[in-house]
Each structure stands twice: as C-alpha cells, then as structure tokens.
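Please look over the structure shown below before reading the notes on its surface, which are grouped by topic.

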Amino acid sequence: MKKLRICLSIAATDEAFAEMIKKLSDYAEVITVGLDDYSLEGVDIFIGKKMSAEKLATADRLKAVFAYKTGVDDFPVGEFAKRNILLVNSHANSRYIAEYSFGLAIALVSRIAEFDRKMRLGDWDIEDPYWQSLFGMKAGLVGFGHIGREINAILSANGIETFTIDRGKDYPADTGLVSSLEELCSVTDILFLSLPRTPATDGMFDEKIFRLLKGKFIVNVGRSNCINEKALYDALTTGGMAGAAIDTWRAKPSRAGELFIPFDHPFQNLDNILLSSHKAMQLCDGHYQYVKDICARVMAYIEGKPTGNEVDCTKGY
C-alpha cells in the first residue's frame with residue numbers, strides 16, 4: 001500500500017511542530033514546507049494556516065486539509081466544496097477566547113482602562129466617577145458556535161441572563177431565543193460577537209443596527225468584517241452607544257515590531273472603546289494547544305475515525 005504524503009506548512013519548526021512531525025511520521029511521509037513556497041502535487045493531506053487558490057490548483061490527489069487555527073477564511077473553501085475536499089479546523093482555544101472576551105466586557109463596562117489612563121495623569125475623574133456592572137445586564141450572543149457557547153457558559157455561571165438568535169441549533173435551556181438581530185439588540189444591554197468571515201456576515205453591524213444600540217455595549221472577538229468601521233465610530237461619538245471592545249481588525253502588521261494602526265477613524269482618542277490587537281487567541285500555550293489538537297485529528301483521519309470539527313465548505317464555517 002502506498003504511504004500517505006502529508007504536507008506541513010509552517011513558518012518555522014518549534015517544539016509543537018517537532019512533536020507533531022514525530023507522531024505523524026509513524027503514519028505517513030511528512031514533508032515540511034514554508035507558508036508559501038510549496039506545491040501540492042502528490043500530497044494527500046495538507047496541514048497549514050492558509051492556502052491560496054493557486055496552490056490548490058497544483059493538487060492532484062489532495063483529500064483533506066487541516067487548519068491549526070479556528071478561522072478558515074484564508075483557505076479557498078468554495079473550491080474545497082467543489083472538489084469534495086475535507087476541511088477540519090481547531091477550536092482548542094475557544095474556552096480561553098471566551099475568557100478573554102469576558103475580561104474585555106468587564107473592563108469595558110467598569111471603565112477600568114479609562115480610569116487607569118486618567119489616574120496616570122493624576123486625574124481622579126471626580127465629576128464622572130461611576131461605572132456599570134456586567135452582572136446586572138442582559139447579554140446577547142451573536143454567533144453561537146464553539147466560542148459563543150463558551151461565552152454563554154461563563155455568563156450563565158455568573159448569573160447573567162443570555163439571549164441568542166434562534167437558528168435551529170440545540171441551545172441551553174436557560175438561553176433566551178429571539179428571531180432576529182434587531183430583536184436581540186432590543187432585549188439586551190451588551191452583545192458578544194464571535195462570527196466567522198462569510199458573505200452573510202459582511203457589514204452586518206451597519207448604521208441601522210448601531211442605531212438600536214444607543215446606551216449599549218458590544219464586544220467583538222470574531223472576525224472584523226461584520227462591523228462597518230465608520231458606523232461604529234459614529235455610534236460611539238454621536239450615536240449614543242455606551243461602548244465597544246474590539247479585538248479584531250481588517251489588517252495586521254506585516255512584520256514584527258512594525259507600528260501599525262488598523263483603522264481610518266481616530267478610535268484611539270475615545271474613552272468608550274477598548275482597543276485590543278487580536279490578543280484573544282494569543283494564550284501563552286495557545287499555539288501548542290492548536291497543534292496538539294490538529295495532530296490528533298489528522299491521526300484520527302488516517303485511522304478512519306471521525307475527526308470532528310469538519311467545516312461546512314458550502315457555508316464557510
């Protein structure tokens with residue numbers, strides 16, 4: 001029987017990848033390549049963090065793709081669907097992303113970062129000293145996948161009433177269900193966003209939705225495409241929205257150490273927004289957890305067992 005060939009695309013070999021290579025080498029031939037300089041000719045399984053349509057065009061027998069991360073918008077998922085190629089991602093860090101989201105929410109509504117900035121200047125903010133409690137709020141979950149469910153669990157464990165849009169899934173009994181995003185905005189005080197990047201989520205939070213969020217908060221640890229940047233800025237400055245905590249943006253620095261502002265509007269001048277540089281996923285051992293999880297799923301696939309976390313390539317998540 002011909003040995004399977006695995007293409008592992010990485011920036012550099014570290015302890016996590018070395019462990020993966022050692023384990024998978026008992027099952028298949030493992031070829032290690034960079035993030036961009038490779039061909040998929042003769043490859044059965046690809047493991048990586050991105051793939052272009054041009055790279056996919058070189059594949060002649062590719063059957064499965066494993067992403068050692070959660071987001072899959074860096075892959076040609078539509079082409080995978082056409083070619084019946086399995087795509088599996090990792091949700092190993094969903095609980096910790098949810099924890100970070102909860103931390104952002106507490107810091108946002110309690111104005112911790114704002115008070116810290118002012119105190120460094122000796123400003124005790126005596127004229128406006130008050131903060132709100134998350135515990136007295138009703139929370140809406142926009143996105144109820146792995147991360148959304150973990151956020152819901154944290155909120156429920158702290159006695160915070162939660163709601164989400166009914167999309168025909170199985171929901172916890174204590175989670176309230178509504179029929180639309182508009183209704184979710186009306187019945188809650190704070191929204192937690194954990195949406196994937198798809199055409200359906202593009203620009204979902206526009207001027208119309210932000211008008212419904214007067215006096216309310218949002219926390220986004222999902223993809224950035226769901227928020228119209230200008231509409232958010234207007235909502236925070238003239239629209240009366242109470243605040244926002246944003247962890248993901250449309251672009252990142254191209255190299256380490258580069259100073260880079262990923263927005264066109266001066267959010268850095270506002271007190272009612274927390275700016276986070278895609279930190280929810282950067283847990284100290286988060287990379288190791290992702291790689292370990294995907295390694296186990298590749299091994300399951302080779303052994304003919306269910307992998308779990310199969311992405312619906314017709315939907316993009």
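**Surface briefing**

Trp124 is exposed, with a relative accessible area of 64%, where exposed means over 50%, buried under 20% and partly exposed in between (1.4 Å probe, protein chains only). This is a predicted model, in which local features need pLDDT of at least 70 and side-chain atom pairs count only at pLDDT 80 or more, whereas totals for chains, interfaces and linings use all residues. Residues are numbered from 1 along each chain as its sequence is written, and side-chain values use heavy atoms, with hydrogens and water left out.

**Nonpolar patch**

- Trp124 sits in the loop between α5 (112-119) and β6 (138-142), helices (H or I, at least four residues) and strands (E, at least two) being DSSP runs numbered from the N terminus.
- Together with Met119 and Ile126, Trp124 forms a nonpolar surface patch with about 410 Å² of accessible area; patch residues have over 30% relative accessible area and no salt bridge, with nonpolar side chains joined within 5 Å and like charges within 9 Å.
- A salt bridge here is a side-chain nitrogen of Lys or Arg within 4 Å of a carboxyl oxygen of Asp or Glu.

- Arg149 belongs to helix α6 (residues 146-157) and is partly exposed, its relative accessible area being 33%.

**Ala81 and its contacts**

- Ala81, in helix α3 (residues 77-83), is partly exposed, with a relative accessible area of 34%.
- Although Ala81 and Cys313 are 232 residues apart in sequence, their C-alpha atoms are 5.2 Å apart in space.
- Leaving aside residues up to four places away in sequence, Ala81 touches Cys313 and Thr314, contact meaning heavy atoms within 4.5 Å.

Note on methods: Areas by Shrake-Rupley, 256 points an atom, 1.4 Å probe, with all protein chains shown as cover.
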